[in-house]
Amino acid sequence: QVQLVESGGGWVQPGGSLRLSCAVSPSVFSFNTLAWYRQVPGNQRELVASSPRYGSRKYADSVQGRFLISRDFAKNTVDLQMNSLKSEDTGVYYCNGEQMNPSGSKDIYWGQGTQVAVSS
């Protein structure tokens, strides 16, 4: 059964750090791409960082150099280390997974989201 469960959100002051973790079932190996998205009220969900099975990790311009996405194959998690946080990083962060099914099309999965609030 596919399941993505986020943890690690919370409140932090500007300039601080948070680490988000997404527990992945059945395993990180079963996904072509794992990613983190965020959403603020009134806006569309936007890609923050992605980790493809093959190829380079990608980041939104707004987080480049501050955030790092990584897969932990032993723990079966995909983590997002967020440093130098800004108020505009506030939002609900969602874990996203993409698999190829036998018919050749993509199956997309989402976690339930975790809230990140950056304020003084």
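Me: What joins strand 5 to strand 6, and which way do they run?
Reply: Two bridges join strand 5 to strand 6 (residues 58-59), and the two run antiparallel. This is a predicted model.

Me: Which residue stands opposite Lys-58?
Reply: Ser-50 does. Lys-58 is in strand 6.

Me: What about the hairpin of strand 5 and strand 6? How many residues sit between the strands?
Reply: Five residues lie between them. In that hairpin, Gly-55 takes a positive phi near 105 degrees.

Me: And strand 4 with strand 5? How many bridges there?
Reply: Six bridges, with the strands running antiparallel. Trp-36 stands opposite Ala-49 in strand 5.

Me: Which residue takes a positive phi in that hairpin?
Reply: Gly-42, with a phi near 90 degrees. The hairpin of strand 4 and strand 5 has six residues between the strands.

Me: New topic. What is the strand order in the open sheet of four strands?
Reply: The order is 1-3-8-7, and the pairing is antiparallel. Strand 1 (3-7) and strand 7 (67-72) are the edge strands, each pairing on one side only. On average, neighbouring strands here are turned by 15 degrees against each other, direction ignored.

Me: What holds paired strands together in general?
Reply: Strands of a sheet pair through backbone hydrogen bonds.

Me: How many bridges for strand 1 and strand 3?
Reply: Five, in the antiparallel sense. Strand 3 covers residues 18-25. Leu-4 stands opposite Val-24 in strand 3.

Me: Where is Asp-79?
Reply: In strand 8, which covers residues 77-82.

Me: Buried or exposed?
Reply: Asp-79 is buried, because its relative accessible area is 7% and the cut-off for buried is under 20%.

Me: Which side chain makes a polar contact with Asp-79?
Reply: The side chain of Ser-21, at 2.8 Å. Leaving out residues up to four places away in sequence, Asp-79 also touches others, including Arg-19, Cys-22, Trp-36 and Leu-68.

Me: Now the largest nonpolar core. How many residues are in there?
Reply: It has 25 residues. Among those that touch the most other members are Val-24, Trp-36, Phe-67 and Leu-80.

Me: Which strand gives the largest share?
Reply: Strand 3, with four residues. Several strands each supply at least two, among them strand 4 (33-39), strand 5 (46-52), strand 9 (91-100) and strand 11 (114-118).

Me: Why would such residues sit together?
Reply: In soluble globular proteins, nonpolar side chains tend to be buried together.

Me: Back to Leu-80. What does Leu-80 touch?
Reply: Not counting residues up to four places away in sequence, its contacts include Leu-18, Trp-36, Val-48, Ala-49, Phe-67 and Tyr-93.

Me: Last topic. How many disulfides does a search of the whole structure find?
Reply: One. Cys-22 and Cys-95 form it, with their sulfur atoms 2.2 Å apart.

Me: What kind of bond is a disulfide?
Reply: A covalent bond between the sulfur atoms of two cysteines.

Me: What parts does the pair tie together?
Reply: Cys-22 lies in strand 3 and Cys-95 in strand 9, so the pair ties together parts that are 73 residues apart in sequence.

Me: Left-handed or right-handed?
Reply: Left-handed, because the torsion about the S-S bond of Cys-22 and Cys-95 is about -85 degrees.

Me: Are those cysteines buried or exposed?
Reply: Cys-22 is buried, and Cys-95 is too.

Technical notes
Residues numbered from 1 in each chain as written. Predicted model: local features only at pLDDT ≥ 70, side-chain atom pairs only at ≥ 80, totals over all residues. Heavy atoms only, no water. Pairing = 2+ DSSP bridges. Axes fitted to C-alpha atoms, helices over the stretch in contact; angles between N-to-C directions. Buried < 20%, exposed > 50% of the residue type's maximum accessible area, 1.4 Å probe, protein only. Polar contact = N/O pair within 3.5 Å; in protein donor to acceptor, adjacent residues only side chain to side chain. Contact = heavy atoms within 4.5 Å. Core = buried A, V, L, I, M, F, W, Y, C linked by side-chain atoms within 4.5 Å. Disulfide = S-S within 2.5 Å.
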